[in-house]
Amino acid sequence: MKHAEQAPSPTLEERLDAAKTRADRLKRGESFEKTAFGLCKIALFCLLTGPFTLPLAAIGAAFFFIMAVWHGKRDTKCWAKNPIGIATFWLIVAAIWTFLHLR
């Protein structure tokens, strides 16, 4: 009776490469999930607020940027960098939307 040949067990280097590949794949998956979760929150907000989504989101963004400054945060990840400037922009957007839609 012939013995079935077993495949040689992977070397330590091969196992480390496989583990790194799995970790990289998981990292990409987590990145996609983070983006999906953010979009899910946006979609739910839009669903709940309907036609008032833009002004409510603009006011919310302005409020939280102002609160961030109030608590000592002086910059942001946004390309504009100035939280007060960004808050002012969103308050202007909300005011213009309100004026155009509720007059």
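How many disulfides does the structure hold? Please then go on to helix α2 and what it packs against.

Modeller: This is a predicted model, so everything below describes a prediction. The number of disulfides in the structure is zero. A disulfide is a covalent bond between the sulfur atoms of two cysteines. The test applied here is that two cysteine sulfur atoms lie within 2.5 Å of each other. C40 does not take part in a disulfide, and the cysteine sulfur nearest to it belongs to C46, 11 Å away. That distance is not within 2.5 Å, so the pair does not count as a disulfide. C78 is likewise in no disulfide: its nearest cysteine sulfur is also that of C46, at 19 Å. As for accessibility, C40 has a relative accessible area of 48%, so it counts as partly exposed. C78, at 27%, is partly exposed as well.

Two packed helices are described by the angle between their axes and the distance between the axes. Helix α1 covers residues 12-49 and helix α2 covers residues 53-70. Their axes are 9 Å apart and the packing angle is about 125°. Because of that angle, α1 is oblique to α2. The crossing of α1 past α2 is right-handed. On the α1 side the contact is made by F45, C46 and T49, and on the α2 side by T53, L56 and A57. Sorted by type, these contact residues are four nonpolar and two polar, with no charged ones.

An angle over 145 degrees counts as roughly antiparallel, so α2 is roughly antiparallel to α3. The crossing of α2 past α3 is left-handed. From α2, the contact uses L54, P55, A58, I59, A61, A62, F65, I66 and V69. From α3, the residues that meet them are P83, I84, I86, A87, W90, L91, V93, A94 and W97. This contact divides into 18 nonpolar residues, no polar and no charged.

One of the α2 residues in that contact is A61. A61 has a relative accessibility of 23%, so it is partly exposed. Between A61 and D75 there are 14 Å from C-alpha to C-alpha, and the two are 14 residues apart in sequence.

Apart from neighbours within four places in sequence, T76 is in contact with F65, K81, N82 and I86. Among these, F65 and I86 also belong to the contact of α2 with α3. K81 has a positive phi of about 70°, although K81 is not a glycine. With 48% relative accessibility, K81 counts as partly exposed.

L12 lies in helix α1, and its relative accessibility of 55% is over 50%, so L12 is exposed. L12 and H101 are separated by 89 residues in sequence and by 66 Å in space, C-alpha to C-alpha.

How values were computed: Residues numbered from 1 in each chain as written. Predicted model: local features only at pLDDT ≥ 70, side-chain atom pairs only at ≥ 80, totals over all residues. Heavy atoms only, no water. Axes fitted to C-alpha atoms, helices over the stretch in contact; angles between N-to-C directions. Helix = DSSP H or I, 4+ residues; strand = E, 2+ residues; numbered from the N terminus. Parallel < 35°, antiparallel > 145°, perpendicular 65-115°, else oblique. Left-handed = near helix turned anticlockwise from the far one by under 90°. Contact = heavy atoms within 4.5 Å. Nonpolar A, V, L, I, M, F, W, Y, C, P; charged D, E, K, R; others polar. Buried < 20%, exposed > 50% of the residue type's maximum accessible area, 1.4 Å probe, protein only.
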